[in-house]
Amino acid sequence: MAQLPIAHLFDLEGWEEPHLQEGLPGVALHCNTARLELATASAAADAEVISVFIHSPVSPEVLAALPRLRFIAARSTGFDNIDLETCHARGITVSNVPNYGENTVAEHTFGLILALSRNLHRAYVRTARGDFSLAGLRGFDLKDKTLGVIGAGSIGLHVIRIARGFGMQVLANDIRQTRLLADVLGFRYVNLDELLSRSDVISLHLPYSPAVHHLLDRERLSRVKRGALLINTARGPVVDTQALLWALDERILGGAGLDVFEGEDVMEHEERLLAAEGAEEHLRAAMRVHLLQRRENVVLTPHIAFNSHEAVRRILDTSIENIRAFLRGSPQNVVGA
Ligand SMILES: NC(=O)c1ccc[n+]([C@@H]2O[C@H](COP(=O)([O-])OP(=O)(O)OC[C@H]3O[C@@H](n4cnc5c(N)ncnc54)[C@H](O)[C@@H]3O)[C@@H](O)[C@H]2O)c1
């Protein structure tokens, strides 16, 4: 009898397992709620297929512990947690889920913008304490303000669509430009400098790669329009947190809404702060997050922009399709090829 392909799936929530079993009947599935990391990789040494979420660092060391691996199904759009170079060298195919939640992430982006523009987070905390005064809670209209979108791809375009509904002007910066889209949605492509100096709200929607590490550093943040809001639902390291703290101190930025931030991983798993390896850097990152957290003009959410019922179901369905497609010899949604 032919052996079933062996798949180890990590970082799962309980409800996902029956869907995976149903969707992948011809596969020997090993479902784990734990993330994939060196400590959990050894139990998956027989894996031909793995599936991970963003919290699993698929590093060269982890890949070395998976000698039979042929395919990785990333259950996310971003795949910067996967070492593509090693995958390429070993002939391991990687797929992602390119379109599951453009509207979902865009809607959360506006949640963050509105929290800051109308002081919703501060009003919530105050009324919960029984304080119903209006002092200090005056916000500003979005209508007629300028939104700057860095990375006008799937998510960025939905953000632009929503912004136009609010009556905002939109500037976009992207390494690829589609004139027709700009005409239809009513926005203008500009260079990064113009976007930073003219936008009242700046929202990041570009993918992370080493080339954009700390794209928004102290020098670029110093060129931002005074009082602008910065929204990041892309990836934490696109913004230099130390520089962000400085720009908030200097009131160059009027506020920040961050679904992603450097050190988010450490904050979710605080026990890592006590691990010997990298403790100093982890502590530094945690301290910077703490400094952000203390500010009334900063709203943090724990990387949940993707997290709607509809979107997580779409992620799972596409991941199942990606695994099936690979196993029948016609991989789809392949990245980094
Ligand atoms: N917070 C969350 O829950 C969440 C969920 C999904 C995606 N994301 C993040 O959002 C990112 C964007 O997702 P998407 O589906 O819109 O991707 P996409 O590939 O459709 O769009 C990205 C856009 O950024 C542009 N771009 C790339 N490098 C750039 C640069 N240096 N400067 C300006 N523009 C650049 C690309 O040309 C493209 O148009 C993902 O890579 C992921 O990191 C976050």
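Predicted model: local features only at pLDDT ≥ 70, side-chain atom pairs only at ≥ 80, totals over all residues.
Residues are numbered from 1 along each chain as its sequence is written, and side-chain values use heavy atoms, with hydrogens and water left out. Local features need pLDDT of at least 70 and side-chain atom pairs count only at pLDDT 80 or more, whereas totals for chains, interfaces and linings use all residues.

Volume is the space filled by probe spheres set on the points, which are joined across faces, edges and corners. The pocket is lined by 45 residues, and those closest to its centre are Thr 77, His 205, Leu 206, Pro 207 and Tyr 208; a lining residue has an atom within 4 Å of a point. Two or more residues come from each of α5 (102–117) and α7 (154–165), and α7 gives the most, with 3. Helices are DSSP runs (H or I, at least four residues) numbered from the N terminus. Domain 1 (6–100 + 309–327) and domain 2 (102–300) each supply at least three lining residues, the bounds coming from an automatic or database domain assignment.

By class, this lining has 24 nonpolar, 15 polar and 6 charged residues. Ala, Val, Leu, Ile, Met, Phe, Trp, Tyr, Cys and Pro count as nonpolar, Asp, Glu, Lys and Arg as charged, and the others, including Gly, as polar.

The search of the whole structure returned 1 cavity of 30 Å³ or more, a cavity being a set of points where a 1.4 Å probe fits but cannot get out. The largest cavity has a volume of about 50 Å³. Its lining includes Asn 232, Gly 236, Leu 258, Phe 261 and Glu 262, and divides into 6 nonpolar, 3 polar and 1 charged.

Methods
1 Å grid on protein atoms, 1.4 Å probe; cavity = no way out; pocket = protein on both sides within 12 Å on 5 of 7 lines; lining within 4 Å.
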